[in-house]
Amino acid sequence: MGYTTDLTLRQRNFILEKFPEIFNTKSKADIFEIINALFFLIKTGCQWKLLPNDFPKWRTVYEFYRKWIL
């Protein structure tokens with residue numbers, strides 16, 4: 001199931017090219033799905049715990065968000 005906030009292939013390629021360091025992680029979560037979840041949160045204003053189940057767990061998304069904003 002896709003959302004209107006999901007990254008396009010062109011956007012994914014741009015992120016891969018410009019920000020390769022964000023993929024240096026041991027997490028099992030797909031980084032692009034985490035980014036999609038963050039865009040969903042921003043667009044909808046939903047609460048962390050109310051992220052739809054087809055995204056990674058809200059705590060995982062939150063941990064990456066905290067790591068990236070520091």
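Which residues does Leu51 touch, not counting residues up to four places away in sequence? Let me start there, and keep in mind that this is a predicted model.

The list for Leu51 is Ala37, Phe40, Leu41, Cys46, Trp58 and Val61. As for where that residue sits, look at the loop between H2 and H3. Is Leu51 buried or exposed? Its relative accessible area is 8%, and the cut-off for buried is under 20%, so Leu51 counts as buried.

H2 covers residues 31-44, and H3 runs over residues 58-69. We describe two packed helices by the angle between their axes and the distance between the axes. Here the angle is about 85° and the axes are 10 Å apart. Angles of 65 to 115 degrees count as roughly perpendicular, and therefore that is what we call H2 and H3. Who makes the contact? From H2 you have Ile31, Ile34, Ile35, Ala37, Leu38 and Leu41, and from H3 you have Thr60, Val61, Phe64, Tyr65 and Trp68.

Now stay on H3 and go to Ile69, which belongs to that helix. Ile69 has a relative accessible area of 45%, so we call it partly exposed. Together with Tyr65 and Leu70, Ile69 makes a nonpolar surface patch of about 330 Å².

Last topic, charges. Side chains of opposite charge can pair when their charged atoms come close. How many salt bridges do we get in this model? The count is two.

One is Arg12 with Glu33, at 3.9 Å from N to O. That pair ties together distant parts of the chain, since Arg12 is in helix H1, residues 9-18, while Glu33 is in H2, 21 residues apart. Both ends are partly exposed: Arg12 has a relative accessible area of 22%, and Glu33 has 24%.

The other is Lys18 with Glu17, at 3.7 Å, N to O. Lys18 is partly exposed at 45% relative accessibility. Glu17 comes out at 58%, and the cut-off for exposed is over 50%, so Glu17 is labelled exposed.

Note on methods
Residues are numbered from 1 along each chain as its sequence is written. This is a predicted model: local features need pLDDT of at least 70, side-chain atom pairs count only at pLDDT 80 or more; totals for chains, interfaces and linings use all residues. Side-chain values use heavy atoms; hydrogens and water are left out. Patches are made of residues with over 30% relative accessible area and no salt bridge: like charges are joined within 9 Å, nonpolar side chains (Val, Leu, Ile, Met, Phe, Trp, Tyr) within 5 Å. Accessible areas come from the Shrake-Rupley method with a 1.4 Å probe; for residues, only the protein chains shown count as cover. A salt bridge is a side-chain nitrogen of Lys or Arg within 4 Å of a carboxyl oxygen of Asp or Glu. Helices (H or I, at least four residues) and strands (E, at least two) are DSSP runs, numbered from the N terminus. Buried means under 20% relative accessible area, exposed over 50%, partly exposed in between (1.4 Å probe, protein chains only). Axes are lines fitted to C-alpha atoms, for helices over the stretch in contact, and angles run from 0 to 180 degrees between N-to-C directions. Angles under 35 degrees count as roughly parallel, over 145 as roughly antiparallel, 65 to 115 as roughly perpendicular and the rest as oblique. Contact means heavy atoms within 4.5 Å.
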